[in-house]
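Subject: Structure for you to look at

Dear colleague,

I am passing on a structure that I would like you to look through, and below it I have set out what was found. Please read the notes with the coordinates open beside them.

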Amino acid sequence: MPAYDPENIFARILRGEIPNKTVLETEHTLAFHDIAPKAPVHVLVIPKGAYVSYDDFAANAPDAEIVDFHRAVARLVRDLGCDLDAGQGYRAITNAGPHGLQEVPHFHLHILAGRPIGPMVVPGLA
């Protein structure tokens with residue numbers, strides 16, 4: 001696992017050094033609008049702890065932080081109106097490392113909604 005870089009953009013957002021458009025904040029989680037949205041709804045959800053990837057978060061975060069993160073995601077999709085009770089659904093994506101095309105080395109979940117998102121991957125590249 002690569003070392004966590006405390007100067008990554010999300011760490012700086014968490015420290016208040018870079019502004020963001022907050023959608024939801026809890027004790028352990030921050031959700032905010034992506035600055036380069038790929039869908040009508042594009043929100044990033046990050047834990048406040050220093051985790052590089054989902055597997056790092058799942059293996060090392062305290063239970064309270066893991067529960068808070070997942071409950072925040074559930075609340076967020078409901079509040080955004082893209083849950084299956086009120087909306088047409090959403091896609092949740094997390095990228096890890098070079099093969100996953102991770103751009104920021106802080107675990108984050110993309111919530112995309114508001115239109116059909118398209119195929120998961122480009123066919124024929126398996």
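Strand 3 and strand 5 run antiparallel and are joined by five bridges, and one of the pairs to look for is His42, whose bridge partner in strand 5 is Leu112. Please keep in mind throughout that this is a predicted model.

Strand 3, residues 41-47, also pairs with strand 2, again in the antiparallel sense and again over five bridges; here Thr29 stands opposite Pro47 of strand 3. Strand 2 in turn, which covers residues 29-33, pairs with strand 1, residues 22-25, through three bridges in the antiparallel sense.

The burial of strand 3 deserves a separate remark. Seven of its seven residues are buried, so strand 3 is largely enclosed by the rest of the structure. In a regular strand the side chains alternate between the two faces of the sheet. In strand 3, Val41, Val43, Val45 and Pro47 point one way, while His42, Leu44 and Ile46 point the other way, and all of them are buried.

Where does the largest pocket have its centre, in terms of the residues closest to it? The largest pocket holds about 920 Å³ of space, and among the 30 residues of its lining, Asp34, Lys38, His42, Glu103 and His110 are the closest to the centre. At least two lining residues each are supplied by helix 1 (9-14), strand 2, strand 3, strand 4 (90-93) and strand 5 (109-113), and helix 1 gives the largest share, which is three residues. By class, the lining of the largest pocket consists of 17 nonpolar, seven polar and six charged residues.

The second largest pocket has a volume of about 150 Å³. Its lining is made up of Gly81, Cys82, Gln88, Gly89, Tyr90, Arg91, Ala113, Gly114, Arg115, Pro116 and Ile117, and these residues divide into five nonpolar, four polar and two charged.

Most residues other than glycine have a negative phi, and most peptide bonds are trans. Leu101, however, has a positive phi, near 60°. With a relative accessible area of 64%, Leu101 counts as exposed, because that value is over 50%.

Salt bridges

The count of salt bridges comes to six. Which residues are linked in a network of them? The members are Glu7, Arg12, Arg15 and Glu17. Within this group, the side chains of Arg15 and Glu7 meet at 3.5 Å, N to O, and those of Glu17 and Arg15 meet at 2.9 Å, N to O. As for their accessibility, Arg15 counts as partly exposed at 40%, Glu17 is likewise partly exposed at 43%, and Glu7 counts as exposed because its 51% is over the 50% limit.

Another of the salt bridges joins the side chains of Asp79 and Arg78, at 3.3 Å, N to O. Asp79 is partly exposed, with a relative accessible area of 49%, and Arg78 is partly exposed with a value of 49%; both are placed in that class because exposed would require over 50%.

With best wishes

Methods
Residues are numbered from 1 along each chain as its sequence is written. This is a predicted model: local features need pLDDT of at least 70, side-chain atom pairs count only at pLDDT 80 or more; totals for chains, interfaces and linings use all residues. Side-chain values use heavy atoms; hydrogens and water are left out. Two strands pair if DSSP finds at least two bridges between them. Helices (H or I, at least four residues) and strands (E, at least two) are DSSP runs, numbered from the N terminus. On a 1 Å grid over the protein atoms alone, a cavity is a set of points where a 1.4 Å probe fits but cannot get out, and a pocket is an open set with protein on both sides within 12 Å along at least five of seven lines; lining residues have an atom within 4 Å of a point. Grid points are joined across faces, edges and corners, and a volume is the space filled by probe spheres set on the points. Ala, Val, Leu, Ile, Met, Phe, Trp, Tyr, Cys and Pro count as nonpolar, Asp, Glu, Lys and Arg as charged, and the others, Gly among them, as polar. A salt bridge is a side-chain nitrogen of Lys or Arg within 4 Å of a carboxyl oxygen of Asp or Glu. Buried means under 20% relative accessible area, exposed over 50%, partly exposed in between (1.4 Å probe, protein chains only).
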